[in-house]
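Hi,

Here is the structure I promised to pass on. Have a look at it first, and then read on for what turned up.

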Amino acid sequence: MFSNKLIKRILHAYSLTFMTGAGISAESGVPTFRGKDGLWQNHDVQQLATPRALESEPELFWEFYRWRRQLLARVEPNLGHYALVDLENRYKGFTLITQNVDNLHIKAGNRHVLELHGNITRTYCSKCGKEFAEGEYDDTPAVPKCTQCGGVLRPGVVLFGESLPSAILAEAQQAAAESEVFFSVGTSSIVEPAASLPYIAKANGAYLVEINPEETPLSAHADEVIREKSGKILAAIVLALERIA
Ligand code: APR
């Protein structure tokens, strides 16, 4: 499953970093991106989740995001998410970085999450940038509009082709560089700049662990590869730490 060496490393570490991808939410029933679910009503999601679609086909864009929001509102965190809450409570030097926009780490109870690709539950104006909490704007029109400037609203996610929030990326890069153990969990490790973070960690001396049932481009570079589902493994790591404590 995992080595004793890994448990010892975790026990003696101050700084632990976990970076998650769609795979950690798979056991909650959220479809991954590069699985068989990359289409929505015959539209290529990679074409739809773009600034261009928001501009040229805002009705379709919002129909897609409303569908995703409804789907995600119904799902619950799984054992993997809860194990990361436990680890945040145990370790001062814990950092959680996620590529997921599904809000499940926050829903599970993690307090500080570096959301590289944003969070689908948030909404802001594409023109003036004003942020809206749920219920603060009229969500009945096909394309919701800003109450302040009339601009088109958009979900708080990074669309394909957009850059990541620079302060969050910088914090993630710093955490990667400082981590003693770095876990890459449930990600295909191909989308930049997130895909580079494990290499930053390793170049700075971290013990690099991958948890993923499938091989990825990162696998050959990891110090330890755990080819199992993340829910089971993360829960087992917490249990192993509890037994020793
Ligand atoms: N436990 C761990 N890993 C799993 C599980 C599981 N139960 N189920 C699937 N996986 C793995 C798959 O083997 C795959 O490698 O999760 C990975 C999911 O990969 P992707 O679908 O490519 O998702 P991700 O890596 O998060 O995508 C990165 O790409 O489309 C963009 O912005 C989107 O954030 C996303 C980014």
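Before the counts, a word on terms: helices here are DSSP runs of H or I with at least four residues, strands are runs of E with at least two, and both are numbered from the N terminus. On that basis the protein has 10 helices and 11 strands. Its radius of gyration is 19 Å, close to the 18 Å that the globule rule gives for 245 residues, so the protein is as compact as a globular protein of that length. The C-alpha trace spans about 55 × 35 × 30 Å along its principal axes. Do keep in mind that this is a predicted model.

Where does the ligand sit? It is in the largest pocket. The ligand is surrounded by 20 residues, and the closest are Ala-22, Phe-33, Thr-187, Ser-188 and Asn-212. Split by class, that shell has 10 polar, 6 nonpolar and 4 charged residues. Helix α2 (residues 22–26) provides the largest share of the shell, with 3 residues.

- Asn-212 has a polar side-chain atom 2.8 Å from an oxygen atom of the ligand.
- Gly-186 places a polar backbone atom 3.2 Å from an oxygen atom of the ligand.
- Ser-230 has a backbone N or O atom 3.0 Å from a nitrogen atom of the ligand.

Most residues other than glycine have a negative phi, and most peptide bonds are trans. Which peptide bond is cis, with omega near 0°? The one from Glu-192 to Pro-193. Pro-193 belongs to the loop between β9 (181–185) and α9 (197–203). Ser-189 is also in the loop between β9 and α9, and its phi is positive, near 60°, although Ser-189 is a residue other than glycine. Asn-103 is not a glycine either, yet has a positive phi of about 70°. You will find Asn-103 in the loop between β4 (93–98) and α7 (104–108).

Cheers

Conventions
Residues numbered from 1 in each chain as written. Predicted model: local features only at pLDDT ≥ 70, side-chain atom pairs only at ≥ 80, totals over all residues. Heavy atoms only, no water. Near = heavy atom within 4 Å. Polar contact = N/O pair within 3.5 Å; in protein donor to acceptor, adjacent residues only side chain to side chain. 1 Å grid on protein atoms, 1.4 Å probe; cavity = no way out; pocket = protein on both sides within 12 Å on 5 of 7 lines; lining within 4 Å. Sits in = over half its atoms within 2 Å of the grid points. Nonpolar A, V, L, I, M, F, W, Y, C, P; charged D, E, K, R; others polar. Rg over C-alpha atoms; globule rule 2.2 N^0.38 Å.
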